[in-house]
Amino acid sequence: MAIRKSKKKLTQKTMMKQILKRCSSLDNGSYNDYDDGLPLDVPKGHFVVYVGENRSRYIVPISLLTHPHFQSLLHQAEEEFGFDHDMGLTIPCQELVFRTLTSSILKSSSF
């Protein structure tokens, strides 16, 4: 009888740590076009997500990671795509919904 490894779901904390780890190379400021998978146009404190059928690219602030609605999108992304791929974080959401949600979150959390 073979023992199968069960694929454990990542906890919210672990999931956020993985995303932040991918973004951490932004802190050193000495990266080229795609060092550690992060292009130059991604400013410190931001990360890239791909959204919609066409996988449109968006650069969003890390602060979104703590918002419950954005976390819901992350859970959907985990269920559909997982987090272990090179392209970047893919969000299974229509672009209009994503833009509306992120705009609303950023407006409500502006300092």
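How many aromatic pairs does a search of the whole structure find? The search finds 3 of them. Welcome to this predicted model. The tour below starts with two of those aromatic pairs, including Tyr-58 with Phe-98, moves on to the largest nonpolar core, and ends with the 2 salt bridges that the structure holds.

**Aromatic pairs**

- Tyr-58 and Phe-98 have ring centres 5.2 Å apart and planes at 55 degrees, so this pair is tilted.
- Distant parts of the chain are linked here: Tyr-58 sits in strand S2 (residues 56-61) and Phe-98 in helix H3 (residues 95-108), 40 residues apart.
- Tyr-58 and Phe-98 are both buried.
- Phe-98 also forms a tilted aromatic pair with Phe-70, at 6.4 Å centre to centre and with 55 degrees between the planes.
- Because Phe-70 belongs to helix H2 (residues 68-80) and Phe-98 to helix H3, this second pair ties together parts that are 28 residues apart in sequence.
- Phe-70 has 0% relative accessibility, so this residue counts as buried; Phe-98 is also listed at 0% and counts as buried.
- One aromatic cluster is formed by Phe-47, Tyr-58, Phe-70 and Phe-98.

**The nonpolar core**

- In soluble globular proteins, nonpolar side chains tend to be buried together.
- The largest nonpolar core here has 18 residues, and those touching the most other members are Val-49, Phe-70, Leu-89, Ile-91 and Phe-98.
- Two or more residues of this core come from each of strand S1 (46-51), S2, H2, strand S3 (89-91) and H3.
- Helix H2 gives the most to the core, with 4 residues.

**Salt bridges**

- Arg-57 and Asp-41 meet through their side chains in a salt bridge, with an N to O distance of 2.9 Å.
- This bridge links distant parts of the chain: Arg-57 is in strand S2, while Asp-41 is in the loop between helix H1 (12-23) and S1, 16 residues apart.
- Arg-57 counts as partly exposed because its relative accessibility is 35%, and Asp-41 is partly exposed with a relative accessible area of 42%.
- Glu-95 and Arg-99 form a salt bridge through their side chains as well, at 3.7 Å from N to O.
- Both Glu-95 and Arg-99 lie in helix H3, 4 residues apart, which is about one turn of the helix.
- Glu-95 is partly exposed, with a relative accessible area of 21%, and Arg-99 is partly exposed at 40%.

Methods
Residues are numbered from 1 along each chain as its sequence is written. This is a predicted model: local features need pLDDT of at least 70, side-chain atom pairs count only at pLDDT 80 or more; totals for chains, interfaces and linings use all residues. Side-chain values use heavy atoms; hydrogens and water are left out. Rings of Phe, Tyr and Trp (its six-membered ring) pair if their centres lie within 6.5 Å; planes under 30 degrees apart count as stacked, over 60 as edge-to-face and the rest as tilted. Buried means under 20% relative accessible area, exposed over 50%, partly exposed in between (1.4 Å probe, protein chains only). A nonpolar core is a set of buried Ala, Val, Leu, Ile, Met, Phe, Trp, Tyr and Cys residues joined through side-chain atoms within 4.5 Å. A salt bridge is a side-chain nitrogen of Lys or Arg within 4 Å of a carboxyl oxygen of Asp or Glu.
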